[in-house]
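Morning, everyone. Please bring up the model on your screens, and we'll walk through it together.

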Amino acid sequence: MTSSARPLLNRRLAEFGTTIFAEMSALALKTGSINLGQGFPDTDGPEEIREAAVRALRDGRGNQYPPGPGVPELRTAITAHQERRYGLSYDPDAEVLVTAGATEAIAAALLALVEPGDEVIAFEPYYDSYAACIAMAGGTRVPVTLRPHEGAFRLDLDELRAAVTDRTRLLLINTPHNPTGTVLTREELTAIAELAVERDLLVITDEVYEHLVFDAAEHIPLVSFPGMRGRTVSIGSAGKTFSFTGWKVGWVTGTPDLVTAVRSAKQFLTYVASGPFQYAVAEALQLPDSYFDAFRADMLAKRDVLATGLTEAGFEVFRPAGTYFITTDIRPLGPELSKNGDGFAFCRALPELAGVVAIPNAVFYDHREAGAPFVRFAFCKQTGVLEEAVGRLKSLAG
């Protein structure tokens with residue numbers, strides 16, 4: 001028992017309880033439902049990369065603390081990947097920092113760059129750690145809402161410009177965007193870059209789904225635009241690209257002063273992590289383009305299986321241009337099934353209704369009412385699992 005009436009959890013984190021992912025995953029286990037809520041693959045990545053991790057373990061590479069910035073092999077592979085894919089040149093010794101996944105990279109960047117009272121603009125709906133990390137840094141989050149428009153969620157550039165004030169320190173940009181699947185266009189990125197330069201803003205770009213873009217969409221790093229090199233912290237991750245989410249290998253690239261700032265915070269979080277896996281990811285980043293093409297094609301086919309099935313089940317489907325998530329509007333199911341458009345109530349009832357688990361998008365919003373009728377499904381599962389889930393969901397259509 002505490003001897004004080006003061007709450008144990010500090011007020012910056014008081015609004016963040018147990019994540020919805022823990023709740024819904026527990027519900028999936030309890031009901032034997034297919035879990036399309038949490039975004040992790042149900043198969044491992046390339047066998048040769050798994051073997052690379054085993055080889056590193058057996059050879060004694062990474063079994064002790066790796067270097068603080070990351071093992072040289074991985075830092076070199078990251079810079080080579082950026083050069084090959086995007087024509088971006090980085091110094092592996094001064095402009096790369098390896099982190100315990102992208103989540104730590106986001107946390108360290110915000111802790112390093114945000115002073116208490118600074119405003120941080122993020123696009124809502126947003127990955128749930130954004131809000132918690134901004135709070136831990138003492139910042140004030142300012143959401144700019146992506147809204148449905150012609151079958152996708154789009155950014156209102158005028159709303160973004162209006163959100164910037166004299167207290168705005170940083171833009172937190174996620175493209176390809178989780179959970180909506182939006183991929184920002186060249187025109188949108190140009191406008192964001194011009195705004196950042198005009199208002200002298202720092203930018204953190206979360207690009208973990210960079211290799212999962214579909215149809216006519218194209219991933220263009222924001223740092224490649226004029227004036228952005230000296231103000232952009234770019235974040236990548238091996239988990240989403242190589243289907244080894246448990247390895248927790250992410251990275252930051254940026255100018256030496258930005259990377260040094262982020263490292264100043266990161267060294268007091270995990271210090272270092274994922275030693276043997278860093279060597280394996282270094283090899284993964286050197287896989288030929290055929291790997292990345294096949295990976296994207298496989299996910300595209302899975303997207304279409306789930307999107308078609310959800311449409312046939314009665315959902316309004318926003319077919320994503322990127323990531324491995326599909327956002328749906330539940331209201332076309334009718335007021336009874338959709339729980340009057342209440343995504344929380346719908347997702348808590350869905351396991352009993354259809355034996356499937358999803359995530360209510362409202363958890364990713366400050367403006368909960370804006371996200372109330374939207375529900376997210378993950379398609380990074382085996383095709384057979386998706387087909388079974390689709391079969392179950394079609395029961396909702398009668």
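Let's start inside. About 40 Å³ of space lies in the second largest cavity. Keep in mind that this is a predicted model. The lining of this second largest cavity is made of 13 residues. Which of them lie nearest its centre? Those are Val98, Lys266, Val272, Ala273 and Gln278. By class, the lining of the second largest cavity has eight nonpolar residues, four polar and one charged.

Now the wider search. How many cavities of 30 Å³ or more does the whole structure hold? The search finds two. The largest cavity takes up about 50 Å³. Its lining is Gln82, Glu207, Glu210, Ser234, Ile235, Gly236, Trp251 and Thr253. Sort the lining of the largest cavity by class, and you get two nonpolar, four polar and two charged residues.

Strands matter for this list. β9, residues 232-237, and β10, residues 250-253, each supply at least two residues of the largest cavity's lining. Which element gives the most? That is β9, with three residues.

On to the helices. Two packed helices are described by the angle between their axes and the distance between the axes. Take α3, residues 72-86, and α10, residues 275-284. Their axes come within 8 Å and cross at roughly 30°. Angles under 35 degrees count as roughly parallel, so α3 is roughly parallel to α10. The crossing of α3 past α10 is left-handed.

Who touches whom here? From α3, the contact uses Glu73, Leu74 and Ala77. From α10, it uses Gln278, Tyr279, Val281 and Ala282. Five residues of the contact of α3 with α10 are nonpolar, one is polar and one is charged. Look at Gln278 again. It belongs to the α10 side of this contact, and it is also among the residues nearest the centre of the second largest cavity.

Left-handed or right-handed? α4 passes α5 in a right-handed crossing.

And the contact itself? α4 brings Thr103, Ile106, Ala107, Leu110 and Leu111. They meet Ser129, Tyr130, Cys133, Ile134 and Met136 in α5. The contact of α4 with α5 has eight nonpolar residues, two polar and no charged ones.

Terms used: Residues numbered from 1 in each chain as written. Predicted model: local features only at pLDDT ≥ 70, side-chain atom pairs only at ≥ 80, totals over all residues. Heavy atoms only, no water. Axes fitted to C-alpha atoms, helices over the stretch in contact; angles between N-to-C directions. Helix = DSSP H or I, 4+ residues; strand = E, 2+ residues; numbered from the N terminus. Parallel < 35°, antiparallel > 145°, perpendicular 65-115°, else oblique. Left-handed = near helix turned anticlockwise from the far one by under 90°. Contact = heavy atoms within 4.5 Å. Nonpolar A, V, L, I, M, F, W, Y, C, P; charged D, E, K, R; others polar. 1 Å grid on protein atoms, 1.4 Å probe; cavity = no way out; pocket = protein on both sides within 12 Å on 5 of 7 lines; lining within 4 Å. Points joined across faces, edges and corners; volume = space filled by probe spheres on them.
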